[in-house]
Amino acid sequence: MTTTASTTAPVADARTLGLAHYAARGVLEHVLARHGIAFQQQVVLRAAVTADAPQTPDDLITQVQGSLKADPADIRATLDELLARQLLTADGAHLRHTDAGRELIAAVGAETAPITARIWGGIPAADLAAAGRVLALVTERANAELAALTA
């Protein structure tokens, strides 16, 4: 008897996680391209828009580096791009999002919301909870391994 992915669940592993990540990121990057913004720019801008208070450039770099594991110099260049596009503005030692930056994040969110609902819709809550626990543990362990490698 031949089995397919629809009848037999794959075992969660690094490849399965990577495939899911890149499939979802591909969807997001397609939407971002229509808005003229790159993935890392969106991550940095979202961090600024959703922050409880204005952040310093170093605060944003640290936050984004923790999420993306990107080179701080690349993140700083992204900040400069967002400043040049007037999506962020300098206010003393802090950066603030502009109305245009907030509106861009809102537009991307509005466009991705129905796509996200289609992707995640219908997955049982228990499955989402189990996946969340596993992914949190994988993230914790991978972060520990990366810290050891870079120490």
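This is a predicted model: local features need pLDDT of at least 70, side-chain atom pairs count only at pLDDT 80 or more; totals for chains, interfaces and linings use all residues.
How are α2 and α3 oriented to each other, parallel or oblique?

First, the overall layout. The protein has 151 residues, and its secondary structure amounts to six helices and two strands. If you read along the sequence, the pattern is α-α-α-α-β-β-α-α. The C-alpha trace spans about 65 × 40 × 25 Å along its principal axes. Of the residues, 23% count as buried. For contacts between residues at least 6 apart in sequence, 55% join residues at least 24 apart.

Next, the core. The largest nonpolar core contains 25 residues. Within this core, Leu45, Leu79 and Leu88 have the most contacts. The largest share is that of α2, with seven residues.

Now back to the opening question. The axes of α2 and α3 come within 10 Å, and they cross at roughly 125 degrees. An angle of 65 to 115 degrees would count as roughly perpendicular, and one over 145 as roughly antiparallel. The two helices, α2 and α3, are therefore oblique to each other. The crossing of α2 past α3 is right-handed. On the α2 side, the contact is made by Phe39, Gln40, Val43, Val44, Ala47 and Ala48. On the α3 side, Leu60, Gln63, Val64 and Leu68 take part. Sorted by class, that contact has eight nonpolar residues, two polar ones and no charged ones.

Helix α2 also packs against α5. Here the angle is about 110 degrees, and the axes are 10 Å apart. That angle makes α2 roughly perpendicular to α5. In this case α2 passes α5 in a left-handed crossing. From α2, the residues in the contact are Gln42, Leu45, Arg46 and Val49. From α5, they are Gly101, Arg102, Leu104 and Ile105. By class, there are four nonpolar, two polar and two charged residues in the contact of α2 with α5.

Finally, two residues with backbone angles to point out. Most residues other than glycine have a negative phi. Lys69 has a phi near 60 degrees, a positive value in a residue other than glycine. Where is Lys69? Lys69 sits in the loop between α3 and α4. Lys69 counts as partly exposed, because its relative accessibility is 38%. The second residue is Gln86, whose phi is also positive, near 60 degrees. Gln86 lies in the loop between α4 and β1, the strand at 88-91. Is Gln86 buried or exposed? With a relative accessible area of 58%, Gln86 is exposed.

To recap on the helix pairs: α2 is oblique to α3 and roughly perpendicular to α5.

Key
Residues are numbered from 1 along each chain as its sequence is written. Side-chain values use heavy atoms; hydrogens and water are left out. A nonpolar core is a set of buried Ala, Val, Leu, Ile, Met, Phe, Trp, Tyr and Cys residues joined through side-chain atoms within 4.5 Å. Buried means under 20% relative accessible area, exposed over 50%, partly exposed in between (1.4 Å probe, protein chains only). Helices (H or I, at least four residues) and strands (E, at least two) are DSSP runs, numbered from the N terminus. Axes are lines fitted to C-alpha atoms, for helices over the stretch in contact, and angles run from 0 to 180 degrees between N-to-C directions. Angles under 35 degrees count as roughly parallel, over 145 as roughly antiparallel, 65 to 115 as roughly perpendicular and the rest as oblique. A crossing is left-handed if the near helix is turned anticlockwise from the far one by less than a right angle, and right-handed if clockwise. Contact means heavy atoms within 4.5 Å. Ala, Val, Leu, Ile, Met, Phe, Trp, Tyr, Cys and Pro count as nonpolar, Asp, Glu, Lys and Arg as charged, and the others, Gly among them, as polar.
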